[in-house]
Amino acid sequence: MASGAARYDGHSEWYDEHHGPVHRPAEELAFLREALGTGHGQVCVDLACGTGLWAQPLAEAGYRAAGFDISADQLRFARRRHAAVARADICSLPVRDESVSVVVGMFFHTDLEDFAGALREVARCLRPRGRFVYAGMHPCFLGPFVNRTSEAAEHRLEFLPGYGRVGWANRGSGDGTGLGSRVGFHHKTLASFLGAILTSGLQVRDVREFASTGVILPRNIGLVAEKPEISWAPRR
Ligand SMILES: C[S@@+](CC[C@H](N)C(=O)[O-])C[C@H]1O[C@@H](n2cnc3c(N)ncnc32)[C@H](O)[C@@H]1O
């Protein structure tokens with residue numbers, strides 16, 4: 001699947017019902033709130049904002065959030081939650097260089113091939129000392145190489161071959177949510193996930209692992225990265 005394809009178009013009703021604000025995971029929400037601090041009315045970018053699941057905590061923390069997503073269908077919902085939204089590819093944002101202090105990205109690295117391109121764009125838009133706050137599926141513990149559907153009931157999970165294969169997968173996240181089979185799933189190893197952050201020039205300041213609904217292994221990962229005062233990453 002092409003990275004720019006709006007794969008969520010036609011699935012947003014379902015997505016918002018199953019992943020909307022009432023399903024916001026608690027640990028990730030607490031992490032986001034902690035990482036955000038207080039916005040004092042500053043603008044913050046919500047990257048790949050989807051239906052605007054995180055709009056409320058961003059507003060409560062005192063940010064004026066601008067949400068960007070490639071799916072017009074997702075933005076139908078996000079428009080009701082965010083003060084401002086626009087349809088854009090996150091690898092080419094309509095945002096001025098070094099103009100924002102905080103960029104938030106939640107649960108999108110498995111939805112596009114070019115995570116590194118998105119992070120280069122984050123680094124371009126952030127002011128020096130600006131923060132990127134991200135949470136998403138843990139590359140080691142959710143993906144086409146794992147079956148976690150029996151985890152809660154039987155305290156058992158199964159690892160299958162395929163962890164090392166970066167790319168679009170036929171199977172989804174392996175937890176039975178059905179999202180991957182609807183919209184596709186781009187698996188990244190931990191090295192390719194972290195490598196994308198490192199090559200952007202952003203400096204990782206904090207890493208967390210979230211159990212979420214997992215009872216054996218974590219399901220999600222969170223990190224905070226900062227744009228250094230003097231950037232070394234090559235400009236495009
Ligand atoms: C799993 S959803 C996450 C949405 C939201 N952040 C959340 O936590 O609910 C992934 C989102 O990434 C968007 N997306 C995928 N590739 C994109 C791209 N290249 N540019 C902008 N948005 C993209 C999809 O349209 C989808 O809304």
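Reply: Happy to. The largest cavity is lined by Tyr8, Thr110, Asp111, Met137, Ser173, Leu179, Gly180, Val183, Gly184 and Phe185. Here a cavity is a set of points, on a 1 Å grid over the protein atoms alone, where a 1.4 Å probe fits but cannot get out, and a lining residue has an atom within 4 Å of a point. This is a predicted model, so local features need pLDDT of at least 70 and side-chain atom pairs count only at pLDDT 80 or more, while totals for chains, interfaces and linings use all residues. Residues are numbered from 1 along each chain as its sequence is written, and side-chain values use heavy atoms, with hydrogens and water left out.

The volume of the largest cavity is about 50 Å³, counted as the space filled by probe spheres set on grid points that are joined across faces, edges and corners. The structure has one cavity of 30 Å³ or more. Helix H7 (residues 179–183) supplies the largest share of the cavity lining, three residues; helices (H or I, at least four residues) and strands (E, at least two) are DSSP runs, numbered from the N terminus. By type, the cavity lining has five nonpolar residues, four polar and one charged, where Ala, Val, Leu, Ile, Met, Phe, Trp, Tyr, Cys and Pro count as nonpolar, Asp, Glu, Lys and Arg as charged, and the others, Gly among them, as polar.

Now to the open space. The largest pocket holds about 850 Å³, a pocket being an open set with protein on both sides within 12 Å along at least five of seven lines. Its lining counts 43 residues, and those closest to its centre are Tyr8, Tyr15, His19, Phe107 and Leu179. Helix H1 (12–19) and strand S1 (43–47) are the elements that give two or more residues to this lining, and H1 gives the most, with four.

The ligand takes up the space of this largest pocket, in the sense that more than half of its atoms lie within 2 Å of the pocket's grid points. Around the ligand are 20 residues, the closest being Tyr15, Ala48, Trp54, Asp69 and Met106, each counted if one of its heavy atoms lies within 4 Å. Polar contacts (pairs of N or O atoms within 3.5 Å) include a ligand nitrogen 2.7 Å from a backbone N or O atom of Met106. A ligand nitrogen also lies 2.8 Å from a polar backbone atom of Ala48.

How values were computed. A polar contact is a pair of N or O atoms within 3.5 Å; within protein, one must be able to donate a hydrogen and the other to accept it, and residues adjacent in sequence count only if both atoms are side-chain atoms.
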